[in-house]
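Work through the exercises below with the model open. Each task is followed by its solution.

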Amino acid sequence: MNFNRRKFLEALALAGITLPNIAIAREQTGNTEEEQFAFIIPAYLQNQTTTGISIFSILNKPGLAWVEILDNSGNIQEKIFQSADGMINANTDCFRFTIEQAQRKFRYRIKAKEIQKFDPYKIVYGQEIESKIYDAKLAHEDQDQIRCLIYNDVHEEKASYQDLLPRQDTSPYDFFVLNGDSFHYVTKQDDITEKLLKPIHFFATDKPFIMNRGNHETRGSFARSFKQYFGYPDNKFYQAFKRGPVFWVMLDSGEDKPDNHEVYGGTVDYDNYRKEQAGWLEKVLQSKERKSARYTVVISHIPIFHSDDWHGTLDNRASFHPLFQKYKIDVMISGHTHQYGYYPADKDHQYAIFIGGGPKIGNRTVIDVSGTNKSLTVRMTRDDGVELGLLNL
């Protein structure tokens with residue numbers, strides 16, 4: 001671990017000890033006014049598949065919610081509820097609606113009714129609300145070109161998502177990736193909604209994003225509730241898919257310290273988890289889907305070279321690097337160190353490596369990946385617009 005990053009994390013720990021917990025103070029003072037039924041997060045797109053997409057919504061009170069697919073005139077074409085085992089999800093605040101056969105472009109809104117009473121033989125509804133109308137745009141699996149924007153190590157600096165967007169324009173991108181450490185740690189739902197989902201609303205309602213865990217997403221009492229808020233195929237944090245001419249691999253690099261480190265208190269098993277991923281990775285890198293793609297891009301939070309010599313770096317290298325070499329990936333994109341760098345293929349790794357920067361102004365970066373049937377371009381840019389690394393294949 002480099003000195004600057006360690007100093008940054010120590011400062012965070014100190015702040016957590018000395019600053020008052022404002023949320024708890026507010027709870028203790030009480031709220032005499034009845035809170036109006038409302039959306040906390042009206043909608044965000046997750047887990048795009050070959051044919052479908054999931055839309056998530058979060059309410060401030062228990063209710064019944066659904067999504068309406070609309071035509072260009074605003075007429076309802078379809079209503080979709082979250083349904084399983086014969087029951088529609090209700091009397092809760094978190095919803096996930098799955099459109100199995102989604103058009104590449106569609107309009108939608110979310111509606112919800114407050115549930116004031118949910119007795120065995122009587123359900124009483126209150127206010128009904130609706131979101132604004134959103135225009136979703138999804139990539140085709142076999143489209144000729146694809147473009148993705150990757151953030152990393154934002155560490156709750158909420159303005160960074162908008163600040164780092166090139167030309168303040170989301171339209172060129174087919175999807176977005178949050179490559180770890182969006183948070184310091186997660187202890188409650190408000191951490192997710194206030195520190196991430198609200199700041200990224202400017203793209204998340206219209207374009208899907210992938211939450212690719214970093215080591216800080218594994219920390220805090222609420223970390224084990226992540227899958228309630230983010231969609232993953234096969235309910236695994238790691239995944240692979242072909243989109244456009246690119247085969248995308250998202251790895252979950254786990255924690256940076258050994259599993260038996262005292263801070264984990266015997267509650268983690270990342271070494272075995274990385275072995276599990278390695279077995280899966282070898283299979284997907286040999287798959288027909290991967291072979292049909294022109295390029296292979298791996299995205300994982302902890303770099304396996306040009307980083308520190310902590311356990312996480314070394315175990316990720318031992319688990320994945322031989323497979324990257326054997327099956328000839330094109331580029332690996334990481335973060336974690338808070339020190340940006342671009343490292344072309346060399347004798348140690350036959351693939352290029354990009355490492356994004358940290359959360360402070362002057363060190364923040366985004367990584368833009370653009371693939372066509374003829375080329376792959378990866379560009380890392382600092383928050384002042386300076387290009388820090390460029391790969392053209």
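**Exercise 1: a glutamate in a loop**

At 1% relative accessibility, Glu255 counts as buried, because buried means under 20% relative accessible area (1.4 Å probe, protein chains only). The model is predicted: local features need pLDDT of at least 70, side-chain atom pairs count only at pLDDT 80 or more, and totals for chains, interfaces and linings use all residues. Residues are numbered from 1 along each chain as its sequence is written, and side-chain values use heavy atoms, with hydrogens and water left out.

Task: locate Glu255 and find its side-chain polar partners.

Solution. 
1. Glu255 sits in the loop between strand 14 (246-250) and helix 6 (270-285). Helices (H or I, at least four residues) and strands (E, at least two) are DSSP runs, numbered from the N terminus.
2. Its side chain makes a polar contact with the side chain of Arg219 at 2.6 Å, and another of 3.0 Å with that of Thr218. A polar contact is a pair of N or O atoms within 3.5 Å; within protein, one must be able to donate a hydrogen and the other to accept it, and residues adjacent in sequence count only if both atoms are side-chain atoms.

**Exercise 2: touching residues**

Solution.

Conventions:
Buried means under 20% relative accessible area, exposed over 50%, partly exposed in between (1.4 Å probe, protein chains only).
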